[in-house]
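Here is a short tour of one protein model, with the cut-offs spelled out along the way. Have a look at the chain, then read on.

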Amino acid sequence: MADSGRRIGAVRVLAILVMVAAGILIVAGVTTYTVVSTTLANQHITVSDDAEHFAGQKVNQPWEAYAQANVIAKHASDMAGGKTYAELPRDDPNRNSVMNASFLQASLFTSVVAFGVAALAVGLGVVFFLIAMALNRLSRRDVVAAAT
């Protein structure tokens, strides 16, 4: 009986720890998503009119950032005749513009990744919460079984 009591106590402690981890992941994910969205919105970027999707919309979500990054890549490729920044000769007059486009594109893709990591953290937090609930229910069932 004492051994089962320790096991029940260990399961309850584990449930609490997993619940705390769930809360931290959810709060961190939501906070990160909000910060990235707000930071992008503060840049006042608008998706170009020639974008395949979301043309004219303000960039503050991952799909808009992705659409704008793709448009920047297309414009830079057109400007460079299909070459990348690294492929352009040093004396090419478009080299600086293509370089800036590469940096802008990379920054927008970084924000897309940040949105994804934030969503992943929230998703893991929800999964951890469900695991904690299952552990808590399991420990209660074991208490009833140990009492009978």
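## Confidence

Helix H2 (residues 62-79) has the highest confidence in the protein chain, at a mean of 97, while H3 has the lowest, at 90. The score is pLDDT, the predictor's confidence in each residue, from 0 to 100. Over the protein chain the mean pLDDT is 92, and 92% of residues reach 70 or more. Helices are DSSP runs (H or I, at least four residues), numbered from the N terminus.

This is a predicted model, in which local features need pLDDT of at least 70 and side-chain atom pairs count only at pLDDT 80 or more, while totals for chains, interfaces and linings use all residues. Residues are numbered from 1 along each chain as its sequence is written, and side-chain values use heavy atoms, leaving out hydrogens and water.

## Nonpolar cores

A nonpolar core here is a set of buried Ala, Val, Leu, Ile, Met, Phe, Trp, Tyr and Cys residues joined through side-chain atoms within 4.5 Å; buried means under 20% relative accessible area, exposed over 50%, and partly exposed in between (1.4 Å probe, protein chains only). The largest core has 17 residues, with Val59 and Leu108 among those having the most contacts inside it. H1, H2 and H3 each give two or more residues to this core, and H2 gives the most, with six.

A second, separate core has five residues, including Val11 and Leu135.

## The loop between H1 and H2

Glutamate 52 lies in this loop and is exposed, at 76% relative accessible area. Its C-alpha is 7.3 Å from that of alanine 67, 15 residues away in sequence.
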